[in-house]
Amino acid sequence: MSKREQRKRALDARRGMGAAERASASRAICARLLSLPEVQKAKCVLSYLALWDEAVLSALHDALLARGARLCFPVSLTNGSLEAYEPRGFVTGAYGILEPDRAASVPVPPEELELVLCPCVSFDGQGRRLGHGAGYYDRFLPRCRNARVLAVAFECQKLPGIETDAHDFPMDAVITEIAIYNKCL
C-alpha cells in the first residue's frame, strides 16, 4: 500500500471517530503521556495544537505548565522548515494552523528541547510514523539532539506496516489511548 493510500485509510478512520470518543481518547493519551518518566522530567517540551480531528493535548499542556515546564509549539515556515517558539500570543499560520506569533514569542533552539510530541497521520506497531507528507518534522527532528521524540495518535490510526523512506525520522515511541508502541523508552 502506498503512503497516499495509508494516509487515506488512517485519516478516514480518525475522521470516523465521534466527538465523545475523540475527547475520551485524548484524555487517555494525556494521562498515558503524563505517566511516562520522560514526560515527567522534561523541562522543555515541543508539543502541538490539535488540528481538525487530531488528539487534543490541552490537559497535558496544562499539567506541564503547572509544574513549570517550558512549553513550546512549532511554527511552519514557507521554506519548508519548522521552528520552535515559546508562545506569547498566537496567530493563524500556514495551512490554517494556530501557532505562536513569531513577533511576540520566544524562539527556542532545537537542542534545548528535551521532549518533542509529534502529530501523526498513521503509525505501525514498530513505531514508524507517517505524517501529512510535507516533511516539516522530518527536517526539524534531526536538530533536536537532546530530545526524546514521541508520536501521538489514536489507536484507530494504526496500520500493519508503514512505508518509510530514508528521510523519515524514527520515533522513540508512539503513544495512543490504549498502548505505548515503545522503541526506545
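On the face of α2 turned away from its buried side, you will find the exposed residues A20 and R27. Here buried means under 20% relative accessible area, exposed over 50%, and partly exposed in between, for a 1.4 Å probe and protein chains only. The model is predicted, with pLDDT of at least 70 needed for local features and 80 or more for side-chain atom pairs, while totals for chains, interfaces and linings use all residues. Residues are numbered from 1 along each chain as its sequence is written, and side-chain values use heavy atoms, without hydrogens or water.

Let us stay with α2 for a moment. This helix takes in residues 19-34, which makes 16 residues. Helices (H or I, at least four residues) and strands (E, at least two) are DSSP runs, numbered from the N terminus. From its first C-alpha to its last, α2 reaches 23 Å, close to the 22 Å expected at 1.5 Å a residue; that expected span is 1.5 Å times one less than the number of residues.

Which residues of α2 are buried? They are R22, A25, S26, I29, C30 and L33. These residues lie on the same side of α2 because they cover an arc of only 145 degrees around the axis, taken from the directions between the helix axis and the C-beta atoms. And what covers them? Among the elements that cover the buried residues of α2 are the helices α1 (3-15), α3 (37-41) and α4 (58-66). The strands β7 (115-119), β10 (148-152) and β11 (173-175) are also included in that cover, where contact means heavy atoms within 4.5 Å.

Strand β10 is largely enclosed by the rest of the structure, because 4 of its 5 residues are buried. Who are its partners? Strands β7 and β10 run parallel, joined by 5 bridges; two strands pair if DSSP finds at least two bridges between them. In that pairing, V152 of β10 is the bridge partner of P119. Strand β10 also pairs with β11, again in the parallel sense, over 3 bridges. There V152 stands opposite I175 of β11.

Now turn to strand β3, which spans residues 82-86. This strand is mostly covered, with 4 of its 5 residues buried. Strand β2 (residues 70-76) runs antiparallel to β3, and 4 bridges join the two. Across this pairing, P74 stands opposite A84 of β3. The hairpin of β2 and β3 has 5 residues between the strands, and G80 in this hairpin takes a positive phi near 90 degrees. Strand β3 pairs with β6 (residues 106-108) too, in the antiparallel sense and over 3 bridges. Here A84 stands opposite V108 of β6.

One last stop is W52. Where does W52 sit? This residue is found in the loop between β1 (44-46) and α4. The phi of W52 is near 55 degrees, a positive value in a residue other than glycine. Is W52 buried or exposed? With a relative accessible area of 67%, W52 is exposed.
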